[in-house]
Amino acid sequence: MNSISPGPSDLSEWIARIRGCDMPVFARTVDALRRIIGDERASASALAQVILKDASMTTKVLRLANSAYFNQAQQGISTVSRAIVVLGFDPVAQLALSVALIDALLGGSLRSRVNLEMARSFHAAVQARWVVQRRGEQQGEQVFIAALLSRVGEMAFWCFGGEHAQALERCMKQGEMREEEAQQVVLGFSLRHLSAGLVREWKLGSLAAAAIEGDARSHGPEWAVVIGNRLARASEDGWDSIGARRVIREAADYLGLPPSVVSAEVIANAGEAARVAAFFGAPEVGRAIPSADVSVVAPEPEALAVPSAPDAALQLRILQDLAAMSLERAAIADILQLAAEGLVRGVGCERVVVALLTRDRMHLRGKFGLGSGGEALCAQFSFSMEGDPEDVIDDALDSGTASWVDPARVERGGTERLCAVTCCESGFIVPFGLASRQIGVFYADRNGRGLDEASWRAVQHFALQASLAVALCEGGGVPN
């Protein structure tokens, strides 16, 4: 074997290298998402903020949310906020986590090995989800994500292993050792242990960790992940191979179904896995999954792209969603979140803050912010209500007057307090609530870039829809 340059010498050093040097962006995304997932008090807006910071992630999460595989009710979803309402908080968070992982790994070296490991992961994920659904259990999405993450070490190593990956590739091609034996010879540990270490390091969930570490006596959801992985690996030798037939019998015994039924369904699942990989933005990976001659076509990337300019069609779809949510008596907090997302993605505002009056109506405070810099602005968005009719903030809440703040318009004074916080002389401040009792405002700007009449009208339309939702809610109270 050729000599290779010094590198990480043991498992812990490899974990540190991948975490700190090779995948720091993914690590930061994981930290943000795991904090939200682990916080029972976390709001939908907090999750949406993390996703919306990344245009590529937003596009892919929406694409997945609209796919028949994850959205079986086939409800049209145009925004992250609506995805959370339709699919649920945890499934959307887990989809975002998976998208971040796949994006981080698709640009790696040794593409043939990366594609193979990723193909195994997608195939295992679809098979595992099918297993729990066939058992009538409700953990399909959790199991899917756990199986997808169960080979994170293998995928990361082939992406970032450098000369060590090339040395392992040469050793494996000689065909004299099984994969785990070759890994022990070249690295001193198996890549399965690297997966377990990264899952623990990134806190990717106890289900993924349990599936990797393996307990043959288990019959919980982690066993579905184990079966999914075994089906994916066995299929590589052909569905008629001895190994594939053995795993199919094992799955049939576990599910209490005839092997012929299981065989037909797992082969169909392989084709489904190829399509799912394409929806995650990895059509090449889908083609590496042993399937029944399923054609894999990458989805059109433009279909749900995040607009960089106002998009009238998207505005209309979001306004329709807002109307539907209002009639459904959805929570005001969810409606405000969707309206704010409409201002960012549909109207093209760069910073949006939703601010609410306190219960004693003595202070206006930012509830959440979206867009580039919206979260930071929200943290500073706090004003006392002084009852000054000349002040743009007081007047918005006392009289329900919307204002386009811009020195060139010379519309009104009284903007000093607002501009001191926003550090921007041009923005919209639009109240919402009942006709006789406003409860908060939308603030929106383009961080100093020009605003226009069409955006001004659009922001008022979104605020009007929020006001209608408040009116439909019993009491029209301020959301907590």
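1. Helix H18 (residues 312-327) packs against helix H19 (residues 332-346) at an angle of about 175 degrees, and their axes lie 10 Å apart. Angles over 145 degrees count as roughly antiparallel. H18 and H19 are therefore roughly antiparallel to each other. The structure is a predicted model, and the points below should be read with that in mind.

2. Which residues make the contact between H18 and H19? From H18 come Leu314, Gln315, Ile318, Asp321, Leu322, Met325 and Ser326. From H19 come Asp334, Ile335, Leu338, Ala339, Gly342, Arg345 and Gly346. Sorted by class, the contact of H18 with H19 has 7 nonpolar, 4 polar and 3 charged residues.

3. Now the chain as a whole. It has 480 residues, and 54% of them count as buried. Its secondary structure comes to 23 helices and 6 strands. The C-alpha trace spans about 85 × 55 × 35 Å along its principal axes. The accessible surface of the chain is about 20400 Å², and carbon and sulfur atoms account for 50% of that surface. Take the contacts between residues at least 6 apart in sequence: 63% of these join residues at least 24 apart.

4. The pairings can be followed strand by strand. Strand S1 (residues 351-357) pairs with strand S2 (residues 363-371) in the antiparallel sense, over 7 bridges. S1 also pairs with S6, again antiparallel, over 6 bridges. Arg351 shows both pairings. Its bridge partner in S2 is Gly371. In S6, Arg351 stands opposite Asp445.

5. S5 and S6 form a hairpin, with 2 residues between them. The two strands run antiparallel and are joined by 7 bridges. One example is Phe428, whose bridge partner in S6 is Ala444. Is S6 mostly covered or mostly open? S6 is mostly covered, with 8 of its 9 residues buried.

6. Is Val430 buried or exposed? Buried means under 20% relative accessible area. Val430 has 4% relative accessibility, so it counts as buried.

7. What surrounds Val430? Leaving aside neighbours within four places in sequence, Val430 is in contact with Ala402, Gly440, Val441, Phe442, Trp456, Val459, Gln460 and Ala463. Val430 and Leu464 are 34 residues apart in sequence, and their C-alpha atoms are 9.3 Å apart in space.

How values were computed. Residues numbered from 1 in each chain as written. Predicted model: local features only at pLDDT ≥ 70, side-chain atom pairs only at ≥ 80, totals over all residues. Heavy atoms only, no water. Pairing = 2+ DSSP bridges. Helix = DSSP H or I, 4+ residues; strand = E, 2+ residues; numbered from the N terminus. Axes fitted to C-alpha atoms, helices over the stretch in contact; angles between N-to-C directions. Parallel < 35°, antiparallel > 145°, perpendicular 65-115°, else oblique. Contact = heavy atoms within 4.5 Å. Nonpolar A, V, L, I, M, F, W, Y, C, P; charged D, E, K, R; others polar. Buried < 20%, exposed > 50% of the residue type's maximum accessible area, 1.4 Å probe, protein only. Areas by Shrake-Rupley, 256 points an atom, 1.4 Å probe, with all protein chains shown as cover.
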